[in-house]
Amino acid sequence: MISIQQISKRFGGRVLFTDVSLRIGLEDRVALVGPNGAGKTTLLEMIAGRIAPDSGLIAINNKAVIGYLTQELEAHQGRSLLEEVMAGGSQASSIERHLRLLEEEIATAPPEAVDELLSHYGELQTRYEQLGGYSLEARAKEILTGLGFKQKHLSRPLDNFSGGQRMRASLARILLSSPDALLLDEPTNHLDLESVIWLEKFLSAYAGAILLISHDRNFMNRLANRVVEVERQQLVAYTGNYDRFVAAKAEARQILEATAKNQQKKIEDTKAFIDRFRYKATKARQVQSRIKLLEGMDKVELAPQQKRVRFSFPEPPRSGETVIRLIDIDKSYDGNPVYRALNVELRRGQRVALIGPNGAGKSTLLKLLAGVLPFEKGERTLGHNVTTAYYAQHQLELLNAANTVLDEITSAAPVEDTSFLRAILGRFLFSGDDVKKKVAVLSGGEKSRLALAKMLIRPANLLLLDEPTNHLDIPSRDVLEEALRDFPGTICFITHDRHFIQTVANRIIDVRDGEAVPYAGDYDYYLHKTQLMAAEAGGSIRTESDSLTLPVSATQRSGVKEDSVRERKTKEQKRAEAETRNRANRESRLLLSSLSKIEAEVAAAEKSLEELSQVLADPETYRNKARFHDTLDRHTQTKRRVAELTAEWERLSGKMS
């Protein structure tokens with residue numbers, strides 16, 4: 001559907017793409033990855049037709065409709081939220097307006113003109129139905145609800161919403177329009193966790209192509225069936241989701257490093273031979289042969305490793321066991337209560353994720369903990385020796401645009417030596433003349449790193465972080481996760497990145513409906529408990545036998561005595577137990593057969609892998625470029641096949657135990 005053919009693009013003196021090609025089919029789900037500034041958004045802009053490539057061609061099926069979610073807010077002409085989103089179904093909306101006008105005209109038209117008007121009305125009505133016009137408003141409301149809006153928001157003018165809410169409205173409008181291809185630039189940036197999960201499910205069922213830029217690893221893992229990396233002005237495609245891409249890239253790098261090492265040894269041995277026998281007439285032919293070999297050798301080149309942010313928090317002073325308490329807090333905005341008699345306690349060593357829908361009060365709670373927000377009633381108490389550091393969601397807006405990077409961090413620690421401050425900035429990838437850049441020209445990711453660096457200067461044993469991963473790429477998020485896991489103090493944070501929550505949090509507080517409910521476990525524990533509570537609320541009692549589930553009110557409705565139900569249940573259980581034994585015997589025989597088959601396949605695959613490894617270990621392989629790449633591809637596929645077969649063998653073996 002979309003064909004990118006040998007395009008090149010540069011901005012000023014910087015080359016982004018050189019003769020790159022890519023095809024995107026109707027059912028492709030492509031995640032576009034690469035470091036900030038590599039050209040990912042530029043590629044989307046070119047596909048959307050907003051900017052043109054310097055050379056090459058982007059061909060799109062002329063019947064295809066493209067929907068593009070940008071990071072820029074668009075004009076909305078004073079419409080309400082619902083009107084703005086329904087404008088996404090522009091053709092249906094246009095027909096609906098025409099139908100209303102026709103209704104008025106039919107009501108006032110002379111009798112001789114009515115038949116023709118009614119005929120036209122019928123044709124438009126059929127077209128309107130085909131476009132889903134009658135369900136358009138219901139679908140718009142469903143999408144808006146999924147993206148975190150409430151009924152009371154629908155008629156509110158879009159001017160009254162925040163920038164993040166307007167971005168969500170833009171996303172809703174695009175989703176309602178059901179284009180053939182979706183171009184999504186950071187679609188989860190302004191969503192809460194529940195909305196991210198809803199969007200994930202929506203896009204999983206979406207009947208069209210998707211090309212997305214995201215820093216959300218879980219989101220890409222669940223949606224992408226291809227990953228395209230922007231690397232050294234090229235587009236490199238990988239099959240599978242993000243985790244498969246990471247594994248495949250690491251494996252290819254490992255093999256390439258081994259190849260480069262073998263080649264370098266061969267070069268050194270060849271040079272040693274040449275130097276040793278250069279002036280011996282009897283070896284002249286062999287020396288010349290080796291000189292030609294070196295001249296014609298295709299050198300294996302290793303791409304430079306991408307720089308990584310190196311976060312490490314300073315060792316903070318040890319706090320008391322109880323770090324902070326909010327006691328019977330009342331908090332309202334403009335007379336609207338957010339919390340009544342709120343009680344929250346954080347203890348030393350806890351890493352708490354605040355979870356809940358947008359507007360539930362997560363940021364308000366974090367501000368109350370940070371002491372930057374007044375409240376009407378209650379008490380906030382800090383534990384012994386507690387110091388706080390607060391990273392606000394809009395921390396980037398607090399940076400002074402006129403300052404240089406070095407000036408900005410100096411303002412947070414005016415008594416520190418410049419050499420120390422430069423060292424801190426270097427750990428956040430600001431090196432050399434980068435520290436002289438004005439804050440105004442920094443990218444979103446650079447501003448995030450600078451704001452985090454400012455927080456790092458001051459040792460604190462209670463970190464309060466509101467969306468610290470926004471604008472950070474995945475490698476930077478990974479390093480921040482690692483640093484927070486190793487942090488010896490206490491952390492309370494908000495994020496919509498599930499991988500970040502799963503990696504960092506050891507406690508969850510669910511914020512909704514004016515309450516903050518603690519869960520004494522990690523994110524998986526929270527999911528387990530909430531699923532159990534949902535099942536109980538649904539009115540089911542699960543007996544010890546998983547095969548038997550009765551509605552709570554079944555006995556009451558049937559009017560049968562409890563003893564009779566127990567007796568009948570026993571007979572049913574006996575029959576079920578016999579069937580279970582027979583089924584277990586059949587499954588055991590099938591498992592044994594499957595295990596034997598898998599073991600044979602594993603042995604064959606391992607043998608093939610060993611043979612391919614021997615070929616890759618042979619320096620002669622690299623003289624033929626086509627042969628090398630073919631062998632490398634087969635080695636990668638075979639290694640993956642061995643891993644898959646081994647995992648299947650372990651799964652079946654586990655069933656046998």
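At the start of helix α7, a side-chain oxygen of Asp192 comes to within 3.2 Å of the backbone nitrogen of Glu194, a polar contact in the sense of a pair of N or O atoms within 3.5 Å, where one atom must be able to donate a hydrogen and the other to accept it, and where residues adjacent in sequence count only if both atoms are side-chain atoms. The model is a predicted one, in which local features need pLDDT of at least 70 and side-chain atom pairs count only at pLDDT 80 or more, whereas totals for chains, interfaces and linings use all residues. Residues are numbered from 1 along each chain as its sequence is written, and side-chain values use heavy atoms, with hydrogens and water left out.

Helices (H or I, at least four residues) and strands (E, at least two) are DSSP runs, numbered from the N terminus. Within α7, the residues Leu193, Ser195, Val196, Leu199, Glu200 and Leu203 are buried. These residues lie on the same side of α7, because they cover an arc of only 155 degrees around the axis, the arc being that of the directions from the helix axis to the C-beta atoms. Buried here means under 20% relative accessible area, exposed means over 50%, and partly exposed lies in between, with a 1.4 Å probe and protein chains only.

The N-terminal end of α17 is capped by Asp522, a side-chain oxygen of which lies 3.3 Å from the backbone nitrogen of Asp524.

Two packed helices are described by the angle between their axes and the distance between the axes. Helix α5 (residues 136-146) and helix α6 (residues 163-177) have axes that come within 10 Å and cross at roughly 135 degrees, and α5 and α6 are therefore oblique to each other; their crossing is right-handed. Helix α12 (residues 405-412) and helix α13 (residues 418-427) pack with their axes 10 Å apart, at an angle of about 110 degrees, so that α12 and α13 are roughly perpendicular to each other, and α12 passes α13 in a right-handed crossing. Angles under 35 degrees count as roughly parallel, over 145 as roughly antiparallel, 65 to 115 as roughly perpendicular and the rest as oblique. A crossing is right-handed if the near helix is turned clockwise from the far one by less than a right angle, and left-handed if anticlockwise. The axes are lines fitted to C-alpha atoms, for helices over the stretch in contact, and the angles run from 0 to 180 degrees between N-to-C directions.

Arg232, in the loop between β8 (226-231) and β9 (234-239), has a positive phi of about 50 degrees although it is not a glycine, and with a relative accessible area of 52% Arg232 is exposed. Asp513, in the loop between β17 (507-512) and β18 (515-519), likewise has a positive phi, near 55 degrees, in a residue other than glycine, and Asp513 is exposed at a relative accessible area of 74%.

Some pairs are separated in sequence. Phe500, in helix α16 (residues 498-504), counts as buried at 0% relative accessibility, and its C-alpha lies 7.8 Å from that of Arg477, 23 residues apart in sequence. Arg347, in strand β11 (residues 336-347), counts as partly exposed at 30% relative accessibility, and the C-alpha atoms of Arg347 and Ile324, 23 residues apart along the chain, are separated by 7.2 Å.
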